[in-house]
Amino acid sequence: MIARADTPAPEDAAALPPLRPPLSAATWKEISFLLTNLPVDLAGFIYVVILLTLGIGLSFTVVGLPVLATGLIGCRFLGRLERGRARALLGVHVDRPTPWRRRTLGFLPWLWASLKDPVAWRHALYFFIRLPWGIATFTVILVSLFVAWPVLPWLARGLANADRAMVHGLLSPSNELERRIAELESDRGVVVDTVAADLRRIERDLHDGAQARLVALAMDLGLAKEKLLDGQADETVAKMIDDAHGEVKLALQELRDLARGIHPAILTDRGLDAALSSVAARCTVPVAVAVDLASRPAAAIEGIAYFTVSELMQNVSKHSGAATAGVELWRSGDRLMIQVRDDGRGGAEAACGTGLAGLAARLGAVDGLLVVASPVGGPTTVTAELPWRA
């Protein structure tokens, strides 16, 4: 049987485009959020109405205000659940408001602190006004799934953006002070982790370095002492004492290096200019250092600046492939500016898990900032800012 020339060959069927989902995963998450608005908002509305009815209606009795205070604490819990739902389905990351705390012990301080908690009242307002919106979004999205699905992605995105605005407006920290407290709580965790890592590093260096050498030294001196007591003052004993002398010098050098890693004496005695020149001298590439400071900053800021430059110089030596590098420090208003440049291969990123990411976290813990400009092919410029404290 002879096939006609216009008959499509079987392999043409394989050229058909693959099937694609009509809606993206992000759109389906937004649709899921909008459809679950009705049950969630209905439950929250009922809770708030019962809370206000019982609390305010019974406020003339002994139990009214305690019921209202307990209900407000529950509003905080509902707000936390709603922030989790928005984070999972809408990708909204909202800082946790200031935790509820009572300043003094006793029933009356607890009652007063609960009743005047602005975060709880904002959460209650959120669930009180959400019921009409939940009904509207549920109805619109459910109908659009059947009769208006071509425009459903744009419709879902618009309604979800309104939800994002509500979550940001009523479930986030209420003012700049609360946001600042949330930032400080996060920075405190970074500082604690950094200090713990430094302590582990010091313990490891002592255990594996100077301590091991001192143990070997004690053993060698003990053997030499026994030989001397036995009257064996020969070349073997002399060699053992000579080896012990060498171990002492190495242990002292390792202890000096460790002390320099904790806080270099040259920084305390002579300041950043001399200390950074010492760091530059140990770099594997020529480094030009320029420090333009009329006065010295606080010791803590000075130490952070020193270790920031030291870390960046290590990156230049190990990873940049540069021929030259430069370090500049100057004061700009209430900020200490640090800039490290090299003409290496570039491509450095302050991505998660790298040394630059850890350095950025350390600077952020003291209101600092790290900016990396490193196109592929170079050059690389890393700019750090620290608060100036006299």
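Predicted model: local features only at pLDDT ≥ 70, side-chain atom pairs only at ≥ 80, totals over all residues.
Trainee: Which residues of α2 meet which residues of α4?

Mentor: On the α2 side they are Leu68, Leu72, Cys75, Arg76, Leu78, Gly79, Glu82, Arg83 and Arg85, and on the α4 side Val119, Ala120, Trp121, His123, Ala124, Tyr126, Phe127 and Arg130. By class, the contact holds ten nonpolar, two polar and five charged residues.

Trainee: Why is α2 called roughly perpendicular to α4?

Mentor: Helix α2 (residues 64-90) and helix α4 (residues 118-147) pack at an angle of about 70°, their axes being 8 Å apart. Because angles of 65 to 115 degrees count as roughly perpendicular, α2 is described as roughly perpendicular to α4. The handedness of the crossing of α2 and α4 is left-handed.

Trainee: What makes arginine 130 count as buried?

Mentor: Arginine 130, which lies in helix α4, has a relative accessibility of 0%, and since buried means under 20%, arginine 130 counts as buried.

Trainee: With what is arginine 130 in contact, leaving aside its neighbours within four places in sequence?

Mentor: Arginine 130 is in contact with Phe33, Asn37, Asp41, Glu82, Arg85, Asp163 and Met166. As for valine 40, it is 90 residues from arginine 130 in sequence, yet the two lie 9.3 Å apart in space, C-alpha to C-alpha.

Trainee: Which residues touch the most other members of the largest nonpolar core?

Mentor: That core has 32 residues, and those touching the most other members are Val287, Met313, Val327, Ile338 and Leu386. At least two residues each are supplied by α9 (272-282), α10 (299-320), β2 (325-332), β3 (335-342), α11 (355-364) and β5 (380-387), and the largest share, seven residues, comes from α10.

Trainee: What does valine 287 touch, not counting residues up to four places away in sequence?

Mentor: Valine 287 touches Ala280, Met313, Ala325, Gly326 and Val327. Apart from the core already described lies another core, of 22 residues, among them Leu68, Ala86, Ala160 and Leu171.

Trainee: Which residues of α9 are buried, and what covers the buried residues of α9?

Mentor: Leu272, Ala274, Ala275, Leu276, Val279 and Ala280 are buried in α9, and what covers the buried residues of α9 includes α8 (265-270), β1 (287-292), α10 and β2. In soluble globular proteins, nonpolar side chains tend to be buried together.

Definitions and conventions: Residues numbered from 1 in each chain as written. Heavy atoms only, no water. Axes fitted to C-alpha atoms, helices over the stretch in contact; angles between N-to-C directions. Helix = DSSP H or I, 4+ residues; strand = E, 2+ residues; numbered from the N terminus. Parallel < 35°, antiparallel > 145°, perpendicular 65-115°, else oblique. Left-handed = near helix turned anticlockwise from the far one by under 90°. Contact = heavy atoms within 4.5 Å. Nonpolar A, V, L, I, M, F, W, Y, C, P; charged D, E, K, R; others polar. Core = buried A, V, L, I, M, F, W, Y, C linked by side-chain atoms within 4.5 Å. Buried < 20%, exposed > 50% of the residue type's maximum accessible area, 1.4 Å probe, protein only.
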